[in-house]
Amino acid sequence: MKIVLTELQYQKVVFSLLDTLYGPKILFKKDEDVFEILSNDGQEIFRLYTKVGKSKGCKRDMLVLSQTIEEIEGYLPPAVLRKKLFSRTILSYVNEKTNLDIDCIDFPYGIYDNDETYFENRYRFNVKKNKKTTTK
């Protein structure tokens with residue numbers, strides 16, 4: 001049986017998941033050029049770079065921390081995380097909660113090869129340009 005979800009339905013599911021995991025209130029702390037985005041209970045879940053550490057072509061680049069990815073992978077299959085729709089949805093959620101106008105996302109993900117060797121890779125995506133990005 002195949003289930004087809006619209007983009008709006010998908011967004012509602014992911015928003016509900018994030019609200020459940022991290023609380024309906026997302027807060028942030030600003031250091032010099034880095035924002036720490038915190039869950040309802042004060043746990044850092046994302047990090048926003050505005051100067052050093054951001055990808056090429058990005059004004060505000062959000063790093064999804066490894067711990068956050070592991071928690072989300074407990075509910076969504078890892079293959080879903082490397083898709084444009086997931087990236088746009090996560091950024092929409094954080095922008096809606098914080099009004100920080102983030103344009104890029106960067107997150108690590110792990111893959112296994114045929115020998116069961118684990119490799120960590122990174123997915124970088126610019127929402128405004130609708131394409132993958134590279135580091136400076």
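Start by selecting Asp101, which sits in the loop between α4 and β5. Helices (H or I, at least four residues) and strands (E, at least two) are DSSP runs, numbered from the N terminus. Asp101 has a positive phi of about 55 degrees although it is not a glycine. With a relative accessibility of 49%, Asp101 counts as partly exposed; buried means under 20% relative accessible area, exposed over 50%, and partly exposed in between (1.4 Å probe, protein chains only).

A word about what is on your screen: this is a predicted model, in which local features need pLDDT of at least 70 and side-chain atom pairs count only at pLDDT 80 or more, while totals for chains, interfaces and linings use all residues. Residues are numbered from 1 along each chain as its sequence is written, and side-chain values use heavy atoms, with hydrogens and water left out.

**Stay in the loop**

Next, pick Asn99, which also belongs to the loop between α4 and β5. Asn99 comes after α4 and has a positive phi, near 60 degrees, although Asn99 is not a glycine. Is Asn99 buried or exposed? Asn99 counts as exposed, at 68% relative accessibility.

Now click on Ile102, in the loop between α4 (84-98) and β5 (104-112). Ile102 is buried, with a relative accessible area of 3%. What does Ile102 touch, not counting residues up to four places away in sequence? Show Ile37, Leu48, Arg60, Met62, Leu91, Val94 and Asn95 to see these partners; contact means heavy atoms within 4.5 Å.

**Along helix α4**

Select α4, which has 15 residues. From its first C-alpha to its last, α4 reaches 21 Å, close to the 21 Å expected at 1.5 Å a residue; the expected span of a helix is 1.5 Å times one less than its number of residues. Colour the buried residues of α4, among them Phe86, Ile90, Leu91, Val94 and Thr98. While you turn the view, remember that an α-helix has 3.6 residues a turn, so residues three or four places apart point the same way.

**The disulfide**

Show the side chains of Cys58 and Cys104, which form a disulfide with their sulfur atoms 1.9 Å apart. A disulfide is counted here as a pair of cysteine sulfur atoms within 2.5 Å, and by this rule the count comes to 1 disulfide. Cys58 lies in the loop between β3 (44-49) and β4 (61-64) and Cys104 in strand β5, so the pair ties together parts that are 46 residues apart in sequence. Look along the S-S bond of Cys58 and Cys104: its torsion is about -90 degrees, so the disulfide is left-handed. Both Cys58 and Cys104 are buried.

**A hairpin**

Move to strand β1 (residues 27-30) and strand β2 (residues 34-38), which pair in the antiparallel sense over 4 bridges. Two strands pair if DSSP finds at least two bridges between them. A hairpin of 3 residues joins β1 to β2. Which residue of β2 is the bridge partner of Lys29? Select Glu36 to find that partner.

**Last stop**

Finish at Thr68, in helix α2 (residues 66-73). Thr68 is buried, with a relative accessible area of 0%. Leaving aside its neighbours within four places in sequence, Thr68 is in contact with Tyr22, Glu44, Ile45 and Phe46.
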